[in-house]
Amino acid sequence: MNYEKQSWISALDLLQTKVQEVPMLWGNFLPMTGIAGLTGSSDCGKSTLLRQLAIAIAAGDSEFLGSPLNVRYGHAYYVSTEDEQVNIAACLSKQMGEDYNDDVKRRLLFRTDSADLIENLDTAFANRPADLVVLDCWADTFTGNPNNLVEVRKDMSRLKAIIKKYECLIIILHHTVKNSENQ
């Protein structure tokens, strides 16, 4: 049944899909598809956590931090706009070391700019489906006023188009305003 062409769908049709639980990528924390956000103050480990999750996906691990990891494609894309390649390489050297083979290392792909982000993701997915896209940090990929709900929703709909087309999870990393945790 194609839900996209219907303006309304009955409860009967929905229940006939036999879906009883939301498919999860990681434990009860992250869905298989959709948009998730991770936010927090600077230097609290958000990027490190998301890089480690991406590594676990590329490695095809069956669990991450003690919870099930349901990898389908074994690829992850990481857009790291705040770091240069040398910084990413240094972090990966610490996080991956010699523990992973070259095939795993090829399954985790990075970009350091967000130019033509949607088009680049569309091209990347067409060649290599992935379980995860990390946007680190979302503010650098967003081209509007983050205080304008209409502009935020417009940006999210661009991401949702990728999610619908390729059935992946996009995690947007967002920093809190400096010192906001003290207010």
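**Close-up views of a predicted model**

View 1. Cys 91 has 27% relative accessibility, so it counts as partly exposed; the class lies between the buried limit of 20% and the exposed limit of 50%. The structure is a predicted model. The disulfide count comes to zero. Cys 91 is in no disulfide, and its nearest cysteine sulfur, that of Cys 44, is 14 Å away. A disulfide is a covalent bond between the sulfur atoms of two cysteines. The cut-off applied here is a sulfur pair within 2.5 Å.

**View 2. Cys 168 is buried.** Cys 168 has 0% relative accessibility and therefore counts as buried.

View 3. Strands of a sheet pair through backbone hydrogen bonds, either parallel or antiparallel.

**View 4. Strand 8 pairs with strand 6 and with strand 9**. Strand 6 (residues 76-80) and strand 8 pair in the parallel sense over five bridges. Tyr 78 stands opposite Val 134 of strand 8. Strand 8 and strand 9 also pair in the parallel sense, over five bridges. Here Val 133 has Ile 170 of strand 9 as its bridge partner.

**View 5. Strand 8 is mostly covered**. Five of its five residues are buried. Leu 132, Val 134 and Asp 136 point one way from the strand. Val 133 and Leu 135 point the other way. Residues on both sides are buried.

**View 6. Asn 148 caps the N-terminal end of helix 7**. A side-chain oxygen of Asn 148 lies 2.9 Å from the backbone nitrogen of Val 150. After the helix comes Glu 167, with a positive phi near 50°.

**View 7. Helix 7 has a set of buried residues**. They are Val 152, Asp 155, Met 156, Leu 159, Ile 162, Ile 163 and Tyr 166. Their cover includes strand 3 (34-40), strand 8 (132-136) and strand 9 (169-175). Helix 5 (117-127) and helix 6 (138-141) are also among the covering elements.

**View 8. Asp 155 is a buried residue of helix 7**. Asp 155 has its place in helix 7. Its relative accessibility is 4%, so Asp 155 counts as buried. Leaving aside neighbours within four places in sequence, Asp 155 is in contact with Trp 138, Thr 141 and Phe 142.

Key. Residues are numbered from 1 along each chain as its sequence is written. This is a predicted model: local features need pLDDT of at least 70, side-chain atom pairs count only at pLDDT 80 or more; totals for chains, interfaces and linings use all residues. Side-chain values use heavy atoms; hydrogens and water are left out. Buried means under 20% relative accessible area, exposed over 50%, partly exposed in between (1.4 Å probe, protein chains only). Helices (H or I, at least four residues) and strands (E, at least two) are DSSP runs, numbered from the N terminus. Contact means heavy atoms within 4.5 Å. A polar contact is a pair of N or O atoms within 3.5 Å; within protein, one must be able to donate a hydrogen and the other to accept it, and residues adjacent in sequence count only if both atoms are side-chain atoms. Two strands pair if DSSP finds at least two bridges between them.
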